[in-house]
Amino acid sequence: MKKHDSLTSIGIVIGIVLIVWGMSAGGTNLMVFYDFASVLITIGGSFAALLIAYPISAMKKVITVIVQSFKESTMSSTEIINSFTNLSKKARREGLLSLEDEMTQLTNEFFKKGLQMVVDGLEPETIKEIMELEIGEMERRHTDGANMLKAWAAYAPAFGMIGTLIGLIQMLANLSDSSALASGMGKALITTFYGALLANLILIPMAQNLNYKSSIEVNNREMMLEGILSIQSGVNPRIVEEKLTSYLSPYDRAKFIKDQDKDKEAGVKDNV
């Protein structure tokens, strides 16, 4: 399950607002920046190139890929550590079969699948192989989605340049017609503007967004795999926690330890 990533939306809105403000500065009429033919050449043309580059099965996922850039995982690294610490304690007290009761509360399918294999008694090597294959496949899908956006980002400025050449040719073909001259000049400049805007404000940042979130998801799943194998091996809960905290950055690790100390202090005060 994933939640909305508000920063992605905020970043796009701020970018658009700043650009519109710059366009309107000095009292310029914003309609001079609109040209329907330029929109078709830049956005339509670059998307047509994407249709040529990718099969229909991949193109069906374009909307899904874009939507994913506006979402983020609801389970943080510290939540994963706390979950596995509690699960390992329960497994040591009541046995591995007791974990079946806890699985109904899990929303992460990867986490749930791993625990189910533990409860079913699969060998550690088999569990590791299956889950590593799933991590690799997820990473491949995310990489393909980001590469698709990067390809579109490369085509957009190129089609902006094509629009510029079309506008210049129209100008040269109608040097005696002042209205055609103005129309050609507008198309020559606006298509380049559209291409740069589409690539640098939308597509490239979204591709980078997907790559970053993919690396976070891979790290989280590797944490889950380590925790699942540790529980199956009957590792001490304290050791499980130490293993999983090694996946955190130094800052997050220090914060996690500090929060743990605060919780312990609060528990001691409650018992007094």
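The tour passes from a surface patch to a pocket and then to salt bridges.

This is a predicted model, in which local features need pLDDT of at least 70, side-chain atom pairs count only at pLDDT 80 or more, and totals for chains, interfaces and linings use all residues. Residues are numbered from 1 along each chain as its sequence is written, and side-chain values use heavy atoms, with hydrogens and water left out.

Begin with I14, which sits in helix 1 (residues 6-24); helices are DSSP runs of H or I, at least four residues, numbered from the N terminus.

Next, select the second largest pocket's lining, where I19, M23, F193, Y194 and L197 lie nearest the centre among 15 residues. A pocket is an open set of points on a 1 Å grid over the protein atoms alone, where a 1.4 Å probe fits, with protein on both sides within 12 Å along at least five of seven lines, and lining residues have an atom within 4 Å of a point. Helix 9 (178-232) is among the helices that each supply at least two lining residues, and helix 9 gives the most, with six.

Then select E134 and K113, whose side chains meet in a salt bridge (2.8 Å, N to O), that is, a side-chain nitrogen of Lys or Arg within 4 Å of a carboxyl oxygen of Asp or Glu. This pair links distant parts of the chain, E134 in helix 8 (residues 124-173) and K113 in helix 7 (residues 109-119), 21 residues apart.

Finish at K90, R93, E94 and E102, which a network of salt bridges links.
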